[in-house]
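Me: Please take a close look at one part of this structure. I would like to see how two neighbouring elements are arranged.

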Amino acid sequence: MSCPKTEHLTKEYFSSGLSEVSKQEMESHLRSCERCNQELESLLLVQSKLESWQDQRVPHWNRGMELYRREHGQNESQGRIFDLWRWLPTATSFAMLLLVVLNTSLVIGDQGVSLSFGDSSASSGLESRLDAFQNNQQAKLAEFVARIENRQDSNNMQLMQVVFDQTQQTTAENLERIYTFFEEQRLQDLEDMRVGYQELANNDYETIRSLEQLAQYVSFSGEVR
Amino acid sequence: MSLIDEDEALIAAAVKGSAYAWEKLVKRYEPRIYNHGLRLTGNPTDAMDLMQEVFLGVYRNLHRFRGDAKFSSWIFRIAHNKAVDMNRRKKLMTVQSKADDDFDILDSLPGEVKTEPEHRLNEQQLNSQVLRMLAQLPMEQRLIVECKIFQSLTFEEIAELQDMSVNTAKTRFYTALKKLKVVSEEANVLSQD
């Protein structure tokens, strides 16, 4: 069983602009028309199923930065704070590197504070003075060393001369002593021999006689020779 | 302060360069835009792409917003147009129709969602059922259903938004509902078998 009003009725049912009169007419028809009633109920069931949708959570995404990245260069003002914080450590590192590379020096003296970069005139003057001082010191040191060496050489010569003289003198004295000693020993030996002969002469006449003969023979042989 | 007033204050601050105001504005509207994209595209990846395109469009045109209409209507108009553009590019409907037999939103959601409590799982199943039904509709009918049921627009607003007559809008919506009724009945028969 079909109804010619079903399509029109269901279309209008979902419209929000119906007048009160139209609404009453529609409700009256629905009460009397099973076909339209069934059709509308089935469509409302579909609507109900669709409305069971539960909103899904949005996955994480970087709302600001995604857009800033895509809009880079066109919206500098929006990203200024982020850029400042993001680049601050890098900028600090760069500044410190510059301080090192440029040989920056900060001098606080009696005349105030002075900041200089690289080889300034003051530092170059100081460096030349340091070089001159170093050269002067080296020259003086060389002169001092040469003087010490000369003095050392002369001292050595004198010392060697003294040692040599003393050694020579000592040697001569020693030889003299040795000679004297040997002479004394020889004289003592002769005296001992003479004493021995005398004792022997006293003890044994024969022996003396033979000895005298022997002595004569010896002295005779010496005379012959 | 009403939401509309808050919107206007946030928009003014965001136009002047306040990242905080911009982020707050995005947070306020991103669930609506993301779920709109999810229902139209059927998958989270395309929904995210669409949402990002929408907020990019909002960002670029924020200074042109004069407050003649509600901000929510203005942003949804952008979202609607972006969805139409994306459909032209990617032919979402074709893809979904071919994949409808094996299509399951649970497969396309992150793993953490699948492991959530039972009521959340039930919620996912209901959403999956909705997506299966919507996937049977061509994009123009899906857009009408989206506007009428989920965005609660009137036929007059839909007609103006989609540049058609009010009657065409009503007819297209009715056609969509009838098709969904058939799909739903078929699904019930299959589940009873």
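The part in question is the pair formed by helix 1 and helix 2 of chain A.

Reply: This is a predicted model, where local features need pLDDT of at least 70, side-chain atom pairs count only at pLDDT 80 or more, and totals for chains, interfaces and linings use all residues. Residues are numbered from 1 along each chain as its sequence is written, chains are lettered from A and ligands numbered from 1 in the order in which they are written, and side-chain values use heavy atoms, without hydrogens and water.

Start with the two elements. Helix 1 of chain A covers residues 6-13, and helix 2 of chain A covers residues 20-32. Helices here are DSSP runs (H or I, at least four residues), numbered from the N terminus.

Now the geometry. The two axes come within 11 Å and cross at roughly 130 degrees. Axes are lines fitted to C-alpha atoms over the stretch in contact, and angles run from 0 to 180 degrees between N-to-C directions. That angle makes helix 1 of chain A oblique to helix 2 of chain A. Under 35 degrees is roughly parallel, over 145 roughly antiparallel, 65 to 115 roughly perpendicular, and the rest oblique. The crossing is left-handed: the near helix is turned anticlockwise from the far one by less than a right angle.

Next, the contact (heavy atoms within 4.5 Å). Helix 1 of chain A brings A:Leu9, A:Glu12 and A:Tyr13. Helix 2 of chain A meets them with A:Met26, A:His29 and A:Leu30. These residues divide into 4 nonpolar, 1 polar and 1 charged. Ala, Val, Leu, Ile, Met, Phe, Trp, Tyr, Cys and Pro count as nonpolar, Asp, Glu, Lys and Arg as charged, and the others, Gly among them, as polar.

Definitions and conventions
Helices (H or I, at least four residues) and strands (E, at least two) are DSSP runs, numbered from the N terminus.
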